[in-house]
Amino acid sequence: MGSNLQMKILAKETAIYGVSSIVGKFLNWMLVPLYTYVLQQQSDYGIVTNLYAWTALLLVVLTYGMETGFFRFANKEGENAQTVYTTSLITLFTTSMLFALACVIWQAPLAGALGYPNHSEFVALLGVTVAIDAFASIPFAYLRYKKRPLQFAALKLLFVFLNIALNLFFLVLCPKIQDWGIISSWYNPDYGVGYVFVANILATAIQTAFLFPAVIEGFKGSKGSKSIFSWRVLKQMLRYSLPLLVLGVCGIMNQTLDRILFPFFYNGADAQAQLGIYGACFKVAMVMMMFTQAFRYAYEPFVFAKHKDKESVAAYADAMKYYIIFSYMILLGMIFYLDLLKFIIAPSYWEGLKVVPVVLWTYIFQGVYFNLSFWYKLTDKTQWGAYFSILGVVITFALQAIFVPRIGYMASAASSTVCYLVIMLLSYFVGRKHLEIPYDLRRIGIYTLLVVALLAGYYALAHFLPINEWMKMGIGTILLIIYCVLFYRLDGRTLIKKK
């Protein structure tokens, strides 16, 4: 199969996964104005930002690299894919349920340690939610392995619609009908932000119930195998995946430490309010993360399935180039139309919009690093990923500890950017010695210089000319068109050209 055709297949699957990722994230994105307008204080959204940062970290811990391990061993010669699947299911179910039980039993001391002694139920709710999510990661991986992107997308969107509907019910509808008989018997108007977590656990539980057919299918498919659970397979998977756990934990810490540690490093009395502002503005930049996630869903099984193909390295190089091209396009669009996108959050949060361009660059470096990471995954040298991620945590922690007390959340945003830039470069130079991939550095360099030039021109015109917001967006539109035209002339025609 030629490289161009492979790119078309990858692009098609990325687009399908993007329905759940981009549309789903966009709809969840629309909860931000709900929270910023409905929750009583900025500090309430700070609580949401802080606790969801913790759940993101815990989800990585509870999956401990088994999702990637499943792809690796399900595609490995000599292994039975169904046994790998059911072994993963049983293992994740056991550890997830133990974690959920621990969170329920010790919710009070855990809540006190996190700074929420008056709401220990928040810890129980989020603990059970993240445990369910961890278990569900394997059935979702199975759908990707079986090339069922439409089913995957439908279930992801189901959660999104349920979560939005339940948030609207608890935060908007219930306050208006709280005196009704049935509603008044259980609804507490003072519970406020707590209903955000109630909505989440209900939506997660319902989504997971719809994954049961995929779970049952795995066990039915294993009837012809020697066993549904293999200690040998589990040991091999853990040996492969545990370094990925270190990588994943450190990686998610690089993404979430800013929101986890900010209340500890920030000297002001309004730490939760500042965190709420930062968290809301951080959400504005999530379009880039949506694209990266959609790409990842399609690219990970693509890489492991094609790594024995003679033309695979050319396909990896092309994928990197096109990822960067489209990431730059999103970057330009987000910055040029930021004066319009800012209305996604309440005006009281706009002071934090200066972090958006910084966060966008962070997501680009993170996506490139993800592309580069396959050299150590394919060569079974996952310890390198752990080394890079540990270094990233050290950089992130040090920069935040030094600069957050001085300049606040701008330091939180910049520390992640520096972190991913450093480990991205290290991964590239080290990876060249283990798996040579002919990345088109010349073309990537041309696009990078073009983007820098367009941004410099935009900021210069916006700063020195007396223009309003609409004129700024007009200038940005012209610059974005220039980028798209140059992309079409350089690579666009090749991408859409039929083999």
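In this predicted model, Phe73 is buried, with a relative accessible area of 4%. A search of the whole structure finds 37 aromatic pairs. In the pair formed by Phe73 and Tyr240, the ring centres are 5.8 Å apart and the planes stand at 85 degrees, so the arrangement is edge-to-face. Phe73 belongs to helix α4 (residues 66–74), whereas Tyr240 belongs to helix α12 (residues 231–265). The pair therefore ties together parts that are 167 residues apart in sequence.

A further aromatic pair is made by Phe282 and Tyr363. The distance is 6.1 Å centre to centre, with 70 degrees between the planes. This pair, too, is edge-to-face. Phe282 lies in helix α13 (residues 271–284) and Tyr363 in helix α17 (residues 356–372). The contact therefore ties together parts that are 81 residues apart in sequence. Both Phe282 and Tyr363 are buried.

Aromatic rings also join into a cluster. Its members are Tyr52, Phe122, Phe169, Phe170, Trp186, Tyr187, Tyr191, Tyr195 and Phe197, linked by ring pairs.

Helix α3 spans residues 42–63 and has 22 residues. From its first C-alpha to its last, α3 reaches 32 Å. That is close to the 32 Å expected at 1.5 Å a residue. Tyr64 follows α3. Its phi is positive, at about 35 degrees, although Tyr64 is not a glycine. Tyr64 sits in the loop between α3 and α4. With a relative accessible area of 9%, Tyr64 is buried.

Lys147 also has a positive phi without being a glycine. Here the angle is about 60 degrees. Lys147 is found in the loop between α7 (120–145) and α8 (149–177). Its relative accessible area is 42%, so Lys147 is partly exposed. Tyr64, by contrast, is buried.

On the surface, a nonpolar patch is formed by Ile446, Ile478, Ile482, Leu486 and Leu490. Together these residues have about 380 Å² of accessible area. Helix α22 (residues 469–496) gives the most to the patch, with four residues. An α-helix has 3.6 residues a turn, so residues three or four places apart point the same way. Leu486 lies in helix α22. At a relative accessible area of 32%, Leu486 is partly exposed.

The search of the whole structure finds zero disulfides. A disulfide is a covalent bond between the sulfur atoms of two cysteines. Cys419 is buried, with a relative accessible area of 0%. Cys484 counts as partly exposed, at 31% relative accessibility.

Conventions: Residues numbered from 1 in each chain as written. Predicted model: local features only at pLDDT ≥ 70, side-chain atom pairs only at ≥ 80, totals over all residues. Heavy atoms only, no water. Disulfide = S-S within 2.5 Å. Buried < 20%, exposed > 50% of the residue type's maximum accessible area, 1.4 Å probe, protein only. Patch = residues over 30% accessible without salt bridge, like charges linked within 9 Å, V, L, I, M, F, W, Y side chains within 5 Å. Areas by Shrake-Rupley, 256 points an atom, 1.4 Å probe, with all protein chains shown as cover. Salt bridge = Lys/Arg side-chain N within 4 Å of Asp/Glu carboxyl O. Helix = DSSP H or I, 4+ residues; strand = E, 2+ residues; numbered from the N terminus. Expected span 1.5 Å × (residues − 1). Phe/Tyr/Trp six-rings, centres within 6.5 Å; stacked < 30°, edge-to-face > 60°.
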